[in-house]
Amino acid sequence: VDSAAATVLSTGRINFVIAGADRIAMNGDTANKIGTLTLANLAKVYGVPFYIAAPLSTVDSDCESGAGIPIEERDPAEIARVAAGVNTFNPAFDVTPASLIHGIVTEIGVLRPPFEETIGSAMDG
């Protein structure tokens, strides 16, 4: 389960982590389902390489960095059903900075940092 990630990573029995992506910026910042950023940070803490697996079609060539990726918010009612008038922040996605990503696994191979160069080269073809 998601809440066991820190415990499992701390055992030293995990060789690497792979997550998907919904959008990848040209600098390698990656948007995926909420919780991916947490997992990437935990992997860093425990010295476990963190990879993204996604087709090149996931790269948004118009998006320079994760700052340009719009983050969808879910209906506040999902978490505020019991208390009327409660302010919520309920994002559906988070952005993992390229600095936490060891490589992006694509159909043409693994792209490695510096992502600005390797993604650009892969997109040029």
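The numbered points below describe this structure for a reader who is new to such models.

1. Basis of the note. This is a predicted model, in which local features need pLDDT of at least 70 and side-chain atom pairs count only at pLDDT 80 or more, whereas totals for chains, interfaces and linings use all residues. Residues are numbered from 1 along each chain as its sequence is written, and side-chain values use heavy atoms, with hydrogens and water left out.

2. Overall fold. The protein contains three helices and seven strands, where helices (H or I, at least four residues) and strands (E, at least two) are DSSP runs numbered from the N terminus. Followed along the sequence, these elements give the pattern α-β-β-β-α-β-β-β-β-α. The C-alpha trace spans about 55 × 40 × 20 Å along its principal axes.

3. Of the 125 residues in the protein, 37% are buried; the word buried stands for a relative accessible area under 20%, exposed for one over 50%, and partly exposed for values in between, with a 1.4 Å probe and protein chains only. Contact means heavy atoms within 4.5 Å. Among the contacts with a separation of 6 or more, 70% are between residues 24 or more positions apart.

4. The open sheet. Three strands form an open sheet in the order β2-β3-β5, with antiparallel pairing; two strands are said to pair if DSSP finds at least two bridges between them. The edge strands are β2 (23-24) and β5 (93-96), each of which pairs on one side only. Between β3 and β5, which run antiparallel, there are four bridges, and Lys33 stands opposite Phe93 in β5.

5. Other strand pairings. Strands β1 and β4 run parallel and are joined by three bridges, with Ile52 in β4 as the bridge partner of Ala19. Three bridges also join β4 to β6 (residues 103-106), again in parallel, and here Ile52 stands opposite Ile104. Strand β6 is joined in turn to β7 (residues 109-111) by three bridges, and these two strands run antiparallel. A hairpin connects β6 to β7 through two residues, and Thr106 stands opposite Gly109 in β7.

6. The nonpolar core. Which residues have the most contacts inside the largest nonpolar core? They are Ile24, Phe50, Ile52, Ile104 and Ile119, in a core of 22 residues. At least two residues of this core come from each of β1 (17-19), α2, β4 (50-53) and α3 (115-124), and α3 gives the most, with three residues. A nonpolar core is a set of buried Ala, Val, Leu, Ile, Met, Phe, Trp, Tyr and Cys residues joined through side-chain atoms within 4.5 Å. In soluble globular proteins, nonpolar side chains tend to be buried together. Not counting residues up to four places away in sequence, Ile52 touches Ala19, Gly20, Ala21, Ile24, Thr30, Ile101, Gly103, Ile104 and Val105.

7. The largest pocket. The largest pocket has a volume of about 170 Å³, a volume being the space filled by probe spheres set on grid points that are joined across faces, edges and corners. On a 1 Å grid over the protein atoms alone, where a 1.4 Å probe is used, a pocket is an open set of points with protein on both sides within 12 Å along at least five of seven lines, and lining residues have an atom within 4 Å of a point. Its lining includes Asp2, Asn32, Lys33, Thr36 and Leu42. Both β3 (30-33) and α2 (36-45) supply at least two lining residues, and α2 gives the most, with four.

8. Is Thr36 buried or exposed? Thr36, which is placed in helix α2, is buried, because its relative accessible area is 7%. Leaving out residues up to four places away in sequence, Thr36 touches Ala19, Phe50, Asp94 and Thr96. Glu64 lies in the loop between β4 and β5 and is exposed, because its relative accessible area is 69%. Apart from its neighbours within four places in sequence, Glu64 is in contact with Ala25, Met26 and Asn27. The C-alpha atoms of Glu64 and Gly28 are separated by 8.8 Å, although these residues are 36 residues apart along the chain.
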